[in-house]
Amino acid sequence: MRPLHIALAALVAAVWGVNFVVIEVGLGHFPPLLFSALRFLVAALPAVFFVGRPKVAWKWIVGVGLVLGVAKFGLLFIGMDRGMPAGLSSLVLQVQAVFTALFAALVLGERPGRTRVLGMGIALVGIGVAAADEGASGPALAFVLVIAAAACWGVSNVLTRKAAPPDSLNFMVWVSTVPVLPLLGLSLVFEGWDRDAAALAALDWSGAGIIVYVAWITTVFGFGAWGYLLSRHPASSVAPFTLLVPVFGMSSAALLLGESVSPLRWCAAALLVGGVALTSLAGTRRVRTAVPGAEPAVADDAGPDPAVADDAGPGSPAPAYDTRRLRTRPLPATRALDTCSTAEGRPLRTNRS
């Protein structure tokens with residue numbers, strides 16, 4: 001990667017990390033479900049009129065919109081509103097990589113290698129250490145809600161990989177149109193019309209700036225820049241920058257919000273980031289018959305999983321396997337040249353090597 005592109009990747013990670021601090025401040029202006037609805041409303045409008053028509057089936061847009069927009073962000077915002085610190089949220093949410101690997105194994109048939117399994121185990125130990133630290137000083141329910149948000153994020157990652165959108169920005173803008181009405185409805189039911197109306201009536205420049213940041217900066221700019229990088233570099237070069245997100249999240253929370261970071265939390269951060277790195281960067285093995293009559297083609301060491309990540313980072317979804325890295329083993333032959341038939345029935349001679 002060129003230095004300018006490295007700087008852009010680091011900038012996106014910083015934007016996504018600082019976003020947790022902005023969310024924490026925004027929750028002082030808006031109820032959590034209303035805040036999330038406004039975020040997606042502003043992210044979708046007016047961008048939806050400039051990104052073109054959807055490039056994937058509506059079932060994927062609606063599915064990801066409900067799981068990612070309503071479930072994941074609804075749970076995250078509620079958890080942070082209930083007392084989950086911004087820095088710790090940016091860290092704990094990274095366990096989505098473990099949930100993504102588990103759900104991909106169940107749904108997509110990906111078999112995690114030993115390194116990935118080891119990384120998942122280390123990350124889960126880190127979550128346990130973080131839970132012990134937070135349980136001693138903060139509300140356990142808020143911690144559980146953020147873990148549930150990470151699980152929903154893992155589901156949305158698998159759905160996105162199934163959809164395989166060719167344009168991540170186009171996909172994310174259209175996904176942003178889905179959660180607005182469900183979140184508004186849930187806000188009216190659980191947060192009440194009076195509370196929502198009071199928050200909107202008290203909207204000032206600070207609140208408007210917060211909405212613009214979480215909508216346009218983290219979503220439109222973040223995904224646009226991330227998709228640009230993924231279109232020019234291998235995912236294995238771009239995806240590791242997402243590991244900087246909790247670094248920026250925890251440091252910005254400490255600097256701007258005065259959040260303290262205990263030694264136990266630093267230990268949890270080291271375990272979780274290290275485990276997520278192994279889980280994300282290690283390969284998977286998928287079996288796919290590439291050529292009739294040949295042994296199953298095995299794709300392994302496929303590199304990091306660049307599944308969709310909003311505030312925590314990973315960008316444009318990739319196909320479930322990389323055809324450039326498939327290895328096929330031809331059936332034994334007695335000649336250096338194998339013969340196969342073309343569609344017209346004429347013999348075609350190909351060099352085995």
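1. Helices are DSSP runs of H or I with at least four residues, and strands are runs of E with at least two, numbered from the N terminus. By this rule V212 lies in helix α11. The model is predicted: local features need pLDDT of at least 70, side-chain atom pairs count only at pLDDT 80 or more, and totals for chains, interfaces and linings use all residues. Residues are numbered from 1 along each chain as its sequence is written, and side-chain values use heavy atoms, leaving out hydrogens and water.

2. V212 is partly exposed because its relative accessibility is 33% (buried is under 20% relative accessible area, exposed over 50%, partly exposed in between; 1.4 Å probe, protein chains only). Together with L11, W216, I217 and F221, V212 forms a nonpolar patch on the surface with about 390 Å² of accessible area. Helix α11 (residues 205-232) supplies the largest share of this patch, 4 residues. Patch residues have over 30% relative accessible area and no salt bridge, with nonpolar side chains joined within 5 Å and like charges within 9 Å.

3. The whole structure holds 1 salt bridge, defined as a side-chain nitrogen of Lys or Arg within 4 Å of a carboxyl oxygen of Asp or Glu. K55 and D167 form the pair, at 3.5 Å from N to O. K55 lies in the loop between α2 (32-44) and α3 (58-81) and D167 in the loop between α7 (140-163) and α8 (168-176), so the bridge ties together parts 112 residues apart in sequence.

4. F35 touches I23, F77 and I210, among others, not counting residues up to four places away in sequence (contact means heavy atoms within 4.5 Å).

Note on methods: Accessible areas come from the Shrake-Rupley method with a 1.4 Å probe; for residues, only the protein chains shown count as cover.
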